[in-house]
Amino acid sequence: MRILIVDDERPARDKMRRLLELEPDISAIDEARDGVEALERLPGFAPDLLLLDIQMPEITGLEVAASLPAPAPLVVFVTAYDEYAIRAFDANAIDYLLKPYDQQRLQRALQRVRERLAQQRAALTVQPMPPTLIEEQAPVKSHPLPAISQLLIPERGGTRIVRVEHIQWIETADNYVVLHTADGQPLMRQTLAGLVDKLGPRFQRCHRRAAVQLDWIASVQHLDKGDGELVLRSGVRVPCSRQYRAEVMERLQGQ
C-alpha cells in the first residue's frame, strides 16, 4: 500500500510516518505540506491512500478531496475537530481520525482501507450485480457537505485555483470535464456526475453532457420537442434537454 500524508504541521506528519512505518504492508510513504503540493505529487507517486488533514491554510482537505482526479485514491481524513466526522463520510472518505489518535485507532482505519482495496480488486473480475438486486439495496443516508469554495487543478508547471463562484457551467470532454469561467476553460480529470455531487446544490445537471450553476442563469429559452437553452448572465447559451428541463425549472423556482 502506498500512502501520501497531507498535513501542514511537520510534527503531525512525523507522528503519522512513525506509526505507518510499523505496518508491514505499507510499501511507500510520501508527504505533502498542503493541498497544492498533494495534488502535484499524485501523478508521480500514485498513492493508494491519502491521509488528509481537513484544517489547512488557504486550501481545506475537503477542497482537496473534491479536486482529486479520477480514478481517485482512497481518503482518510485527519482532524482535530469532531464536527467534521459526518462531513468526512459525505465526502466519500473511508474513515476519519480524530487528533490525538493512537496506533490502535490508525490500525482500524487502515484495516478499512485494506478491505476497500480488496473489494476494488475483486470488482475487476466479478460480473455486475443484476439490476433487481441493486434496486433492492437501501439508499444511503447522507448529510449536506459544507460549501466548497474552490477547486485545485494541476497544470504543467503549477496548480490553477478556480473559485467555484466563477464557474458558469460544466461540460464533459471524453474523460475530463471543462470548467467554463470568464478567465478560461480549465480541464479536470473527473466525471460530470461526480463533480456535480461534490459541488453541491448550487449546480444542476441540464443535459447528459452539461451542468450549470443556477445563480448564473438569466433566462430559459424553450425550443421544439421540449428542449431548451439556458441563457447565462454572461450571454453564453447552454443546452437544456427535455430530460432535465423540469428539474431545472423546479430548482430555479426554489432559489
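At what angle do helix α1 and helix α5 pack, and how far apart are their axes? In this predicted model, the angle is about 70 degrees and the axes lie 11 Å apart. Helix α1 covers residues 10-20, and helix α5 covers residues 103-123. Angles of 65 to 115 degrees count as roughly perpendicular, so α1 is roughly perpendicular to α5.

Now look at the residues that meet. From α1 come Met16, Leu19 and Leu20. From α5 come Gln103, Leu106 and Leu110. By class, this contact has five nonpolar residues and one polar residue. It has no charged residues.

Next comes a sheet further along the chain. Strands of a sheet pair through backbone hydrogen bonds, either parallel or antiparallel. Here, three strands form an open sheet with antiparallel pairing. Their order is β13-β14-β15. The edges are β13, residues 217-222, and β15, residues 237-240. Each edge strand pairs on one side only. On average, neighbouring strands of this sheet are turned by 25 degrees against each other, direction ignored.

Follow the pairing of β13 with β14. Strand β14 spans residues 228-232. Five bridges join these two antiparallel strands.

Helix α8, residues 242-253, lies across β13, β14 and β15. Its direction is at about 140 degrees to β13.

Key. Residues numbered from 1 in each chain as written. Predicted model: local features only at pLDDT ≥ 70, side-chain atom pairs only at ≥ 80, totals over all residues. Heavy atoms only, no water. Pairing = 2+ DSSP bridges. Helix = DSSP H or I, 4+ residues; strand = E, 2+ residues; numbered from the N terminus. Axes fitted to C-alpha atoms, helices over the stretch in contact; angles between N-to-C directions. Contact = heavy atoms within 4.5 Å. Parallel < 35°, antiparallel > 145°, perpendicular 65-115°, else oblique. Nonpolar A, V, L, I, M, F, W, Y, C, P; charged D, E, K, R; others polar.
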